[in-house]
Amino acid sequence: MIAELGQLLVNLVNVVPDGLVLFFPSYAYEEAVFQKLKADGMIKKIEEKKQFFREPRSSDEAADVLRKYSEKILGDLARAKSEQPAADTLPKASRRGAVLSCVMGGKLSEGINFSDHLGRCVVAVGLPYPPPQDPLLREKMAHLSTKYGTKAAGEEFYESSCMKLVNQSIGRAVRHSGDYAAILLVDLRYGRPKTLARLPEWIRGSTVHHPSFGPAFQALRAFFVARLAQAT
């Protein structure tokens, strides 16, 4: 799974212009993925195209990481415009920018806008379900099930708690009518009707399911080629 994710990211940095934002379900999983990709040489391959930043646990450090991420993207963009005033193309655009690895429900998933060049692609990896053994969660689910006379009430709360974090994260991009971004939901469970139904309507209405990466990558590349062409 992690090796496949690494190959996905290596491919993505070849077609995504400017900013690429990743969201993981927990700090522990983000750390495990990063260490595995680093050991396998994937981070090095990614950084041949885009600098890799990670969200720290500290709020003070998170602000500094976000600043450096933004400066890298906007600085690259300014240099590209001054050095190559001709029409932008995908090969040129994908060679600039940065990757920011974040956590759903973390410091950078709420109240931060990755609009325009800061978030041309958002990748949500997995689903941030709360630990089912958490005593407070179990108590809340039991209370709701008792209150409404059905176990489904507690299960609904469990699902909604997860999708609230997902929607907060993927909603960080596309902040105005002239903005655009690709959103990748990397988990088979996103294809479940009950999960799709909890996505925002503006995302749900344009969701396309690709059974394999090949067609998805072709569609993604075509999306960015078309967008860059419109901007010229």
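Q: How many disulfides does a search of the whole structure find?
A: The model is a predicted one, and a search through the whole of it finds zero disulfides.

Q: How do you know that Cys121 is in no disulfide?
A: A disulfide requires two cysteine sulfur atoms within 2.5 Å, and the nearest cysteine sulfur to that of Cys121, which belongs to Cys102, is 13 Å away, so Cys121 is in no disulfide.

Q: What is said of Cys162, and where is the nearest cysteine sulfur?
A: Cys162 is likewise in no disulfide, since the cut-off is 2.5 Å and the nearest cysteine sulfur, again that of Cys102, is 17 Å away.

Q: Why are Cys121 and Cys162 called buried?
A: The word buried is used for a relative accessible area under 20%. Cys121 has a relative accessible area of 0%, so Cys121 is buried, and Cys162, at 0% relative accessibility, therefore counts as buried.

Q: Why are helix 1 and helix 2 called roughly perpendicular to each other?
A: The axes of helix 1, residues 2-12, and helix 2, residues 27-39, come within 10 Å and cross at roughly 75°. Angles from 65 to 115 degrees count as roughly perpendicular, and therefore helix 1 and helix 2 are described as roughly perpendicular to each other.

Q: Which residues make the contact between helix 1 and helix 2?
A: On the side of helix 1 the contact is made by Ile2, Leu5, Gly6 and Leu9, while helix 2 contributes Tyr29, Ala32, Val33, Lys36 and Leu37. Sorted by class, the contact has seven nonpolar residues, one polar residue and one charged residue.

Q: What makes the pair of Glu30 and Arg54 a salt bridge?
A: The rule asks for a side-chain nitrogen of Lys or Arg within 4 Å of a carboxyl oxygen of Asp or Glu. The closest N and O atoms of Glu30 and Arg54 are 2.8 Å apart, so the pair is a salt bridge. Glu30 lies in helix 2 and Arg54 in strand 2, residues 51-54, and so the pair ties together parts that are 24 residues apart in sequence.

Q: How many salt bridges does the structure hold, and which residues are linked in a network?
A: The structure holds twelve salt bridges. A network of salt bridges links Asp64, Arg67, Lys68 and Glu71.

Q: Why is Tyr190 called buried, and where is Tyr190 found?
A: Tyr190 is found in the loop between strand 5, residues 182-186, and helix 8, residues 193-196. Its relative accessible area is 3%, which falls under 20%, so Tyr190 is buried. Leaving aside neighbours within four places in sequence, Tyr190 is in contact with several residues, among them Met104, Ala124, Val166 and Leu196.

Q: What is noted about the phi of Asp18 and of Asp116?
A: Most residues other than glycine have a negative phi. Asp18 has a positive phi of about 60° although it is not a glycine, and Asp116, also not a glycine, has a positive phi of about 50°.

Q: Where do Asp18 and Asp116 lie, and why is Asp18 called buried?
A: Asp18 lies in the loop between helix 1 and strand 1, and with a relative accessible area of 2%, which is under 20%, Asp18 is buried. Asp116 lies in the loop between strand 3 and strand 4, and at 27% relative accessibility Asp116 counts as partly exposed.

How values were computed. Residues numbered from 1 in each chain as written. Predicted model: local features only at pLDDT ≥ 70, side-chain atom pairs only at ≥ 80, totals over all residues. Heavy atoms only, no water. Axes fitted to C-alpha atoms, helices over the stretch in contact; angles between N-to-C directions. Helix = DSSP H or I, 4+ residues; strand = E, 2+ residues; numbered from the N terminus. Parallel < 35°, antiparallel > 145°, perpendicular 65-115°, else oblique. Contact = heavy atoms within 4.5 Å. Nonpolar A, V, L, I, M, F, W, Y, C, P; charged D, E, K, R; others polar. Buried < 20%, exposed > 50% of the residue type's maximum accessible area, 1.4 Å probe, protein only.
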